Amino acid sequence: QVERAVAPEEASSGRGPRGAGAGLMHSSLFLATAAALRTLCIRPSTGVCALRAASYQSRPRRSRPSLACETSFAPSRDDTCAADVRPAPAPPAELPPRPNGIVVAYKPQNWTSFDVVAKARGCLESELRTAGHVFRRRSRLKVGHGGTLDPMAEGILVLGIGTGCRGLDEYLKGGKAYRATAQLGFETDTQDATGQVTSTGPTAHVTVSALHEAAARMVGTILQRPPIYSAIKRDGKRLHNLARAGKLQEADVEPRQVSVHALEVTDFDETSRTFQLRVLCGGGTYIRTLIVDLGRAVGSAAHMTALVRTQVGPFACEGTGAPGATVVRPVREGQFGEAASYYAAMAEAAAVLQEAEARRDAGEAEKEGGAVPADG
């Protein structure tokens, strides 16, 4: 048989009979060589892996500070090097204590009682932050007040700071003093100058003596129907919210018992038909309701045009004639942003409360017939 001649290019490319066998042989040799190299150069033997595992397990366990000084497989160092890399943090400085006590503030006209509370809290928290204190939504400085004062009114507002909030109920029920101005001629739905006129009445027949006589009959323990525009709650809702929604009328509010210790007409202007009152009363008494009842008692109509609260408990901003009241210097609007004013007011209030407690103890001892021990 005569073999067919194979072109050189067929032999080299593997397209011929001999070229196909040679190409297959070359491919098998290449794959075998690559597998051998991969085994020798990349994958360690089982013996090498065992030696590495034994070496790692035999290493001594090192403390966390020493691990900070070394890399993953670096030789271990002494633990003393941790001091050079990560110094121990300095102990935190001791924070000053949060304030606790009573502050007597003077609420300006057209401010709500909560506005004054928020101003005091913001000022004191800002001062404490500079000293290192941290305040969050659920860890804010506790501040409250001891009795709401209407926005159109002004005067003393007792604030509790921190643990001072615990005794605020005493001021809600305690004695208070007011100066009020009233206008004869008509009543309003809010019983003050901010409301809408609801009824009118004659004024020409009203005299100062008639006002004095009517005021004298209202002194003592009386029944008073609170105004529908007030912060009193009914079934969990504020009366003023029910009144604005048209769900409450004056007759729907139940009268309640209040104490009026003094009610005096101090001035009467026959031209403008206005008069002024001085009131000493217990907690829960509405002065605007007293004025409305006084106007009805003299056969007219009246509403309140101005109100100043001059005393709450033992604190007064002027002489009120009430026994046991001490004139203090309340924190006023121009001082609401000064933390030092609140601290000074807390110190003054603490001294007044201490003095009031000493007088109360002395009075109880005198009633019991015992001797009051002398100081020292």
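Reply: The largest pocket has a volume of about 1000 Å³, where a pocket is, on a 1 Å grid over the protein atoms alone, an open set of points where a 1.4 Å probe fits, with protein on both sides within 12 Å along at least five of seven lines. Grid points are joined across faces, edges and corners, and the volume is the space filled by probe spheres set on the points. This is a predicted model, in which local features need pLDDT of at least 70 and side-chain atom pairs count only at pLDDT 80 or more, while totals for chains, interfaces and linings use all residues. Residues are numbered from 1 along each chain as its sequence is written, and side-chain values use heavy atoms, with hydrogens and water left out.

The lining of the largest pocket (residues with an atom within 4 Å of a point) comprises 33 residues, and Thr148, Asp150, Ala231, Tyr286 and Arg288 lie nearest its centre. Two or more lining residues come from each of α6 (113-130), β4 (176-184), α9 (239-244), α10 (287-297) and β12 (302-312), helices being DSSP runs of H or I with at least four residues and strands runs of E with at least two, numbered from the N terminus. Among these elements, β12 gives the most, with three residues.

The second largest pocket holds about 580 Å³ of space. It is lined by 26 residues, of which Glu170, Gly313, Pro314, Ala356 and Arg360 are the closest to its centre. Here α11 gives the most to the lining, with six residues.
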